[in-house]
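Dear colleague,

My notes on it follow directly after.

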Amino acid sequence: MRTKIIAGNWKMNKTLEESQALITEIRGIVRDEHRGGSKVILCPPFISLASAARLLEGTEIGLGAQNCHFEDSGAFTGEISPLMIKSVGAQFVIIGHSERRQYFGETNEMTFKKAKSAVRNGLKVIFCVGETLQQREDKTFFKVVEAQLNEGLFGLDRKEFANVVVAYEPVWAIGTGLTASPEQAQEMHHYIRKVIATHYTDEIAEETSILYGGSMKPDNAAGLIAQRDIDGGLIGGAALKAREFADIIRAVG
Ligand code: PGA
C-alpha cells in the first residue's frame with residue numbers, strides 16, 4: 001500500500017506569528033478529526049520552520065521546506081542548505097516547484113543536484129513536475145514531464161529514490177481555480193508511474209506516492225483521490241485556511 005499524503009505548500013505567506021497560529025489550529029483539528037489514513041505535511045516558509053518543528057513535536061504531522069540549495073554550506077548569500085533544514089527538525093523539502101522553475105530559473109540540472117543533496121542529508125523530497133498551458137495545448141506535456149523526471153530526478157539510484165514523492169502540478173492549474181479533471185490527472189499520474197517503472201522497477205513505481213497539485217480544494221479532492229494513481233495532494237491556497245485544509249485531509253482519508 002502506498003502512503004497517502006496531504007502536503008500544504010504555504011509559499012511566501014504568513015509571518016512567524018501567523019504561521020504559529022495556523023499550525024496550532026491545524027494541529028488541533030488534525031488531533032481531533034484525523035483518522036490516520038494519510039500523512040499530513042506542512043511546508044511553511046523557512047523563517048517559521050524552527051518554531052513549527054517545536055509546535056509539531058509529539059504529533060504525526062510532518063514538516064518540510066519549500067526549496068533548498070545543493071551545497072551544505074558556503075558563500076551563497078540568501079540560500080538555505082538541506083543540512084540546515086534537517087537541523088531545525090524538518091523531514092521534507094519541496095524541489096522543482098514550477099514557481100521556482102518559472103521565476104528563479106531553476107533547471108532540471110539544478111533540481112537533480114538539489115534532490116541528490118537533500119537525500120544525502122536525510123531529507124525526503126517532494127519533487128514537482130508539470131507542464132505549462134502552452135505545453136498542454138501543443139501536446140508536448142508527456143515529453144516535458146518525462147524530461148523533468150529523466151534529467152532532473154532519475155540520476156538518483158534506487159536507494160535514494162525511495163526517499164522521493166512525486167507531485168504532478170500542471171502549471172495552468174496552480175492558483176488559477178482551474179483543476180485538471182480527475183481523468184486528465186490520472187492519465188498523467190499513470191504515465192509518471194510507467195516512466196518510473198521503466199527507469200527503476202515495477203515494484204518501485206508501485207510504491208512511489210504521486211500527489212496531484214493545482215487548485216485542489218475540499219470539493220474536488222475526493223474525485224481526484226479516487227483515481228488509481230493519485231495518492232494525495234500538494235495544496236497551495238487551500239492550505240492557508242485550517243478548515244479547508246482539514247476538509248481536504250478528510251476527503252483523502
Ligand atoms: P494551489 O497551489 O493549490 O494554490 O493551486 C498548489 C501548488 O502550487 O503547490
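**Salt bridges and the ligand site**

Across the whole structure, which is a predicted model, a search finds 18 salt bridges. In general terms, side chains of opposite charge can pair when their charged atoms come close.

One of these pairs is Glu99 with Lys11, whose closest N and O atoms are 2.8 Å apart. Glu99 belongs to helix 4 (residues 98-103), while Lys11 sits in the loop between strand 1 (5-9) and helix 1 (16-33), so the pair ties together parts that are 88 residues apart in sequence.

Another pair is Arg120 with Asp72, with 3.3 Å between the closest N and O atoms. Here too, distant parts of the chain are linked: Arg120 is in helix 5 (residues 108-120) and Asp72 in the loop between strand 3 (62-65) and helix 3 (82-87), 48 residues apart. Arg120 is exposed, at a relative accessible area of 54%, and Asp72 is partly exposed, at 25%.

The side chains of Glu106 and Lys114 also form a salt bridge, with an N to O distance of 2.7 Å. Both partners are buried: Glu106 has a relative accessibility of 5%, and Lys114 has a relative accessible area of 3%.

I turn now to the ligand. Which residues are closest to the ligand, and how many surround it? The ligand is surrounded by 13 residues, and the closest are Lys11, His97, Glu169, Gly175 and Ser215. By type, the residues of this shell comprise 4 nonpolar, 7 polar and 2 charged.

Lys11, already mentioned as the salt-bridge partner of Glu99, has a side-chain N or O atom 2.7 Å from a ligand oxygen. The side chain of Glu169 likewise places an N or O atom 2.7 Å from an oxygen atom of the ligand. In the case of Ser215, a backbone N or O atom lies 2.7 Å from a ligand oxygen. On its own, the ligand has 280 Å² of accessible area, and the protein covers 96% of this.

Yours sincerely

How values were computed:
Residues numbered from 1 in each chain as written. Predicted model: local features only at pLDDT ≥ 70, side-chain atom pairs only at ≥ 80, totals over all residues. Heavy atoms only, no water. Near = heavy atom within 4 Å. Polar contact = N/O pair within 3.5 Å; in protein donor to acceptor, adjacent residues only side chain to side chain. Areas by Shrake-Rupley, 256 points an atom, 1.4 Å probe, with all protein chains shown as cover. Nonpolar A, V, L, I, M, F, W, Y, C, P; charged D, E, K, R; others polar. Salt bridge = Lys/Arg side-chain N within 4 Å of Asp/Glu carboxyl O. Helix = DSSP H or I, 4+ residues; strand = E, 2+ residues; numbered from the N terminus. Buried < 20%, exposed > 50% of the residue type's maximum accessible area, 1.4 Å probe, protein only.
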